[in-house]
Amino acid sequence: MEDARARELLAGARVARFATLAADGRPHLVPVCFAVAGDVVYHAVDHKPKATRRLARLAHLEADPRAALLADHYDDADWSALWWVRADGRARVLGDAGAPEAAHALDLLAGRYAQYRERRPAGPVVALDVERLTSWSAGR
């Protein structure tokens, strides 16, 4: 599909899977709520229960910033509506939630998700600088 359509579908998706690489090379995937701003995709560590605030994805990014985000649409009744978009790039863990880029990302996330308006994530925020988009659509 054309890049403009892929960007539109990605920006409109409600959830995606964020992939990092573990030290031993294994892929590590987690579902994330996200927001897109140009060629950057943001997600934040939020208040949902977690075993620790020291998340594996953050440790992975410190060791290797390569990451990917995959959004897709599945419709059991209409396979002509299927699509996926993958954004590959390098991710950065933004420190202080009050820093300008992190604050902007949290504003974008709050604009998309009511839960984040009610309880703003404390962070940290992850910024994926998109270097390549790959996409597919059954509808072509």
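Reader: Is threonine 134 buried or exposed, and at what relative accessible area?
Author: This is a predicted model, and in it threonine 134 is found in strand β7. Buried means under 20% relative accessible area. Threonine 134 falls under that cut-off and is therefore buried, with a relative accessible area of 17%.

Reader: Which residues does threonine 134 touch, not counting residues up to four places away in sequence?
Author: Threonine 134 belongs to strand β7. With residues up to four places away in sequence not counted, threonine 134 touches Trp84, Val85, Arg86 and Asp88.

Reader: With which residues is valine 125 in contact, leaving aside its neighbours within four places in sequence?
Author: Valine 125 is among the residues with the most contacts inside the largest nonpolar core. Leaving aside the neighbours within four places in sequence, valine 125 is in contact with Tyr42, His43, Ala44, Arg92, Val93, Leu94, Ala102, Ala105 and Leu106.

Reader: How much space lies in the largest cavity?
Author: A search of the whole structure at 30 Å³ or more finds one cavity. The space in the largest cavity is about 50 Å³.

Reader: Which elements each supply at least two residues of the lining of the largest cavity?
Author: The lining consists of Arg7, Leu10, Val36, Gly38, Asp39, Val41, Val130 and Leu133. By class, five of these are nonpolar, one is polar and two are charged. The elements that each supply at least two lining residues are α1 (3-12) and β7.

Reader: Is arginine 57 buried or exposed?
Author: Arginine 57 is found in helix α2, residues 56-63. Residues under 20% relative accessible area count as buried. Because its relative accessibility is 10%, arginine 57 counts as buried.

Reader: What is the length of the polar contact that joins the side chains of arginine 57 and histidine 43?
Author: Not counting residues up to four places away in sequence, arginine 57 touches Phe18, Thr20, His28, Val30, Val32 and His43. For histidine 43, a polar contact joins its side chain to that of arginine 57 at 3.1 Å.

Reader: What is the relative accessibility of valine 45?
Author: Valine 45 is found in the loop between β4 (40-44) and α2. The C-alpha atoms of valine 45 and glycine 139 are separated by 34 Å, and the two residues are 94 residues apart along the chain. Valine 45 counts as buried, because its relative accessibility is 1%.

Reader: What is the relative accessible area of aspartate 46?
Author: Aspartate 46 also lies in the loop between β4 and α2. Aspartate 46 is buried, and its relative accessible area is 4%.

Reader: How does proline 124 count at 21% relative accessibility, and what class is that?
Author: Proline 124 has its place in the loop between α4 (114-118) and β7. Leaving aside its neighbours within four places in sequence, proline 124 is in contact with His43, Ala44, Val45, Leu58, Val93 and Leu94. From proline 124 to valine 93, 31 residues apart in sequence, the C-alpha to C-alpha distance is 6.8 Å. Buried requires under 20%, so at 21% proline 124 counts as partly exposed.

Reader: What is the relative accessible area of alanine 68?
Author: The place of alanine 68 is in strand β5, residues 66-73. Alanine 68 touches Arg17, Phe18, Ala19, Arg86, Ala87, Asp88 and Leu128, not counting residues up to four places away in sequence. Tyrosine 116, 48 residues apart from alanine 68 in sequence, is 23 Å apart in space, C-alpha to C-alpha. Alanine 68 is buried, with a relative accessible area of 15%.

Note on methods:
Residues numbered from 1 in each chain as written. Predicted model: local features only at pLDDT ≥ 70, side-chain atom pairs only at ≥ 80, totals over all residues. Heavy atoms only, no water. Core = buried A, V, L, I, M, F, W, Y, C linked by side-chain atoms within 4.5 Å. Buried < 20%, exposed > 50% of the residue type's maximum accessible area, 1.4 Å probe, protein only. Contact = heavy atoms within 4.5 Å. 1 Å grid on protein atoms, 1.4 Å probe; cavity = no way out; pocket = protein on both sides within 12 Å on 5 of 7 lines; lining within 4 Å. Points joined across faces, edges and corners; volume = space filled by probe spheres on them. Helix = DSSP H or I, 4+ residues; strand = E, 2+ residues; numbered from the N terminus. Nonpolar A, V, L, I, M, F, W, Y, C, P; charged D, E, K, R; others polar. Polar contact = N/O pair within 3.5 Å; in protein donor to acceptor, adjacent residues only side chain to side chain.
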